[in-house]
Amino acid sequence: MTTSAPSSAPRIGVFDSGLGGLSVLRSIRQQLPAAQLLYVADSGHAPYGERGDDYVCARSLAIAEFLYQQGAQLLVIACNTATAAAATALRARYPDGRIVGVEPGVKPAAALSRNGRVGVMATNGTLRSERFRLLAQAHAAHLDLRLQACTGLAAAIEAGEIDAPAVHERVETHCVALRAQDVDTVVLGCTHYPFVAHHIQAAMGDTVRLIDTSDAVARRTVSLIGAPGAGSAEGPTTATPLAQLWTTGDVATLRGFVHRWLEFPCAFEALAT
C-alpha cells in the first residue's frame with residue numbers, strides 16, 4: 001500500500017549528478033521509513049566528476065533551490081564531487097538550512113586497514129579538491145594513501161546497465177593499479193560505486209575491505225532531522241510514502257535502475273531545470 005506522507009513526516013531533498021545518489025536514498029529510506037523523499041538525478045549534466053568546480057556549484061545551487069521549493073526541510077548532497085565543489089556555497093546561500101554532505105570514508109578506512117595501505121576510488125573532481133586534501137590530512141597522514149581517479153566509471157554506471165562489458169572494463173582498469181600497490185582497504189569515494197561493489201570486490205579479491213559511507217550519511221540525516229521513531233518501526237505501519245524522483249536525463253533509464261535496485265515505491269518525472 002502506498003500513499004503520500006502525512007503532514008508530520010519529514011521532507012528530505014536528495015540530489016546527485018545522476019543515479020549514484022540512489023545508494024544514499026536507499027539507506028535513508030531504511031533508517032527513515034516514514035520520510036517523504038524527494039530526489040533529483042542530474043543525469044542530463046553528468047558526470048560531475050569530469051566537470052569544473054564552477055559548473056558543479058552552479059548546478060548544485062539550482063537543484064537545491066528546486067528541492068527547497070518542493071518543501072524539503074533537509075538537503076542531502078548525495079555526491080562526493082558536489083559536496084567538494086558546492087557544500088560551502090550551499091551553506092552560505094541557506095545559512096539556516098540543514099545540509100548533509102558526502103565525503104570519502106577515509107576515517108573508517110584508516111581504522112580498518114591492517115597494512116596501512118588504503119586505496120581511494122573517486123572522481124577527478126573529488127580527488128583534486130581542497131576538501132579532500134584536508135580530509136586526508138586529518139585522518140590519513142599516517143597512511144600510505146593510494147588515490148585512483150576512476151575516469152569514465154560513473155558515466156558507464158550512469159548508462160544503467162551495471163553488468164555491461166563497459167562497466168567491467170572500467171572497473172578492471174582502475175582496480176589493477178590498486179592491486180599492484182597491495183592495498184588492503186578501498187574507499188568507494190563516489191556514490192555511483194556501491195552499485196558495482198560486487199565487481200570491485202571481485203577485481204580486488206575477497207581479502208580487501210570496501211568502505212561505503214551511505215549508511216553513515218543516513219545516520220547523520222536522522223540525527224539532524226530529529227524524526228520521531230526514525231530507524232525503527234514502533235507500532236503498525238499502514239503505508240509507505242511514495243518517493244518523488246526527478247531527472248534531467250532519461251526517465252526510462254532512471255525508472256529501470258530504480259526498479260532493479262530500490263525496494264520502495266517511487267514516482268518519476270522529467271525535470272527541465
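**Figure 1. In this predicted model, four strands make up an open sheet with the order β7-β6-β8-β9.** The pairing within this sheet is parallel. Strands β7 and β9 (209-211) lie at the edges and have a single partner strand each, so one side of each is left without a neighbour in the sheet. From one strand to the next, the twist averages 25°. Strands of a sheet pair through backbone hydrogen bonds, and the arrangement is either parallel or antiparallel.

**Figure 2. Close-up of the pairing between β6 and β7, which run parallel.** Strand β6 comprises residues 117-122, and strand β7 comprises residues 144-149. Six bridges join the two strands. Within this pairing, Val120 stands opposite Leu147 of β7.

**Figure 3. Helix α8 (residues 165-180) and the elements that cover its buried residues.** The helix has 16 residues, and at 1.5 Å a residue it should span 22 Å; the C-alpha atoms at its ends are 23 Å apart, which agrees. The buried residues of α8 are Val167, Val171, His174, Cys175 and Leu178. The covering of these buried residues includes the strands β6, β7 and β8 (185-188), together with the helices α7 (153-158) and α9 (197-204). Just after α8, Asp182 adopts a positive phi of about 55°.

Figure 4. When neighbours within four places in sequence are left aside, Glu158 is in contact with Ser17, Gly18, Leu19, Ser43, Ala46, His192 and Thr253. With one of these residues, Ser43, the contact includes a polar one between the two side chains, at 2.4 Å. Glu158 and Leu254 are separated by 96 residues in sequence, while their C-alpha atoms are 9.1 Å apart in space.

**Figure 5. Ser129 in the loop between helices α5 (124-127) and α6 (130-139).** Although Ser129 is located in a loop, this residue counts as buried, because its relative accessibility of 8% falls under the 20% cut-off. The side chain of Ser129 reaches the backbone nitrogen of Phe132 at a distance of 3.1 Å.

Note on methods:
Residues are numbered from 1 along each chain as its sequence is written. This is a predicted model: local features need pLDDT of at least 70, side-chain atom pairs count only at pLDDT 80 or more; totals for chains, interfaces and linings use all residues. Side-chain values use heavy atoms; hydrogens and water are left out. The expected span of a helix is 1.5 Å times one less than its number of residues. Buried means under 20% relative accessible area, exposed over 50%, partly exposed in between (1.4 Å probe, protein chains only). Contact means heavy atoms within 4.5 Å. Two strands pair if DSSP finds at least two bridges between them. Axes are lines fitted to C-alpha atoms, for helices over the stretch in contact, and angles run from 0 to 180 degrees between N-to-C directions. A polar contact is a pair of N or O atoms within 3.5 Å; within protein, one must be able to donate a hydrogen and the other to accept it, and residues adjacent in sequence count only if both atoms are side-chain atoms.
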